[in-house]
There are 2 protein chains.
Amino acid sequence: MKWDELEEEACSVARTIGVIGDRWTLLILRECFLRTRRFEGFQSALGITRHLLAERLKKLVRTGILRRVPYQESPKRHEYILTQKGLDLYPIMMAIVHWGDTHMVDERGRPLLHEHKKCGKIFNPVMVCSECGEPLMAKEVTTRPGPGARPSAAKRTIERNAKAASRAGAA
Amino acid sequence: MKWDELEEEACSVARTIGVIGDRWTLLILRECFLRTRRFEGFQSALGITRHLLAERLKKLVRTGILRRVPYQESPKRHEYILTQKGLDLYPIMMAIVHWGDTHMVDERGRPLLHEHKKCGKIFNPVMVCSECGEPLMAKEVTTRPGPGARPSAAKRTIERNAKAASRAGAA
DNA sequence: TCCTATAGTTCTAAAATTGAACTGTCAATT
DNA sequence: AATTGACAGTTCAATTTTAGAACTATAGGA
């Protein structure tokens, strides 16, 4: 599988990773959620090379995650703003933050706290089932092919593992 | 910022990305959640080079996300199983899947559906506030330094942006 | 004895990333 | 009028990573 093919895979993980699945892109997006909007801002916050930053920003604009908005004429300058599609990445960011808070903190504790304006409290993000509201656990979820399923890496995987399981069960 | 430094940043996003933030690692983890456990399974499902696969699996074991468990003697063979730390990545995976389902599907629809065993329904994952249970939106959250805060990329970012905002407000 | 399955390791070529310097526009300063 | 500084990039050589393919090793079975 090559990287250009990723976005065509019949797998939402693969497609998403094709767009945001590299380290600099994720860090750039972190900065976006921390309200950074300008080239120099990203560059100095991250220490990313200008070359790569320019490239990544272009890709994020091309994929509709950021919008390039002029903020002054002469010289023309632009800011990079999250679109709705970009804002929708928030749960991914928060899930990443929360895992880091849980498993990667040192003795000093978590570096950043999050306050929910609505309820005024410091919170953790919790992922729940849209239907019953219960917190989701990997073991309580099964997958099945959806309408867009077709022989893909993911589907082949499921079939192979099902087969292996039934062999193991029969033996 | 170099990659080895990422895990020392005072930012849970950076630390997490230091461990799981590359494309192959994320795809390997997808496979783990689809019940793949063996070297050949990962390799044939992903088309990753054996070289890189070996390296990534080693890193995932080293960071405590996978456990290398023997499943037969002579020749000694091992399976790679998610630890609890690894299972805790589930919300990240589901958030990624859900974003892909929302923004990257083609006309065929989503490739994979998820059923919650507890309630028996096909669901979407929703990220909510641990305190009030309301769905989280980026605009309804503010950040503040936690006990582990120190001058880091993320903190510098917040300060710089706050300053920029107050300048803009004053002008 | 040869073939297959499994889990890697080794090697070279190709691609991506780094680091540093350079370009261009305009405003403000000297 | 020339110089400096801020901003947003672009260019290029050197280094690092990744891809692709072949090779190693152990053991069971034909």
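Me: What makes two strands a pair here, and which strands of chain A and chain B are joined by bridges?
Reply: Two strands pair if DSSP finds at least two bridges between them, strands being DSSP runs of E with at least two residues, and helices runs of H or I with at least four, numbered from the N terminus. Strand β6 (residues 141–145) of chain A and strand β3 (residues 112–116) of chain B are joined by 5 bridges and run antiparallel, so they count as a pair. Within this pairing, A:Val141 stands opposite B:His116. The model is predicted, so local features need pLDDT of at least 70 and side-chain atom pairs count only at pLDDT 80 or more, while totals for chains, interfaces and linings use all residues. Residues are numbered from 1 along each chain as its sequence is written, with chains lettered from A and ligands numbered from 1 in the order in which they are written.

Me: Why are α7(A) and α2(B) called roughly perpendicular?
Reply: The axes of helix α7 (residues 90–103) of chain A and helix α2 (residues 12–20) of chain B come within 8 Å and cross at roughly 85°. Angles of 65 to 115 degrees count as roughly perpendicular (under 35 roughly parallel, over 145 roughly antiparallel, the rest oblique), and the two helices are therefore given that name.

Me: Which residues of α7(A) meet α2(B)?
Reply: Residues are in contact if their C-beta atoms, placed from the backbone, lie within 7 Å; among those of α7(A) that meet α2(B) are A:Met93 and A:Trp99, and the α2(B) side includes B:Val13 and B:Arg15.

Note on methods: Axes fitted to C-alpha atoms, helices over the stretch in contact; angles between N-to-C directions. Contact = placed C-beta atoms within 7 Å.
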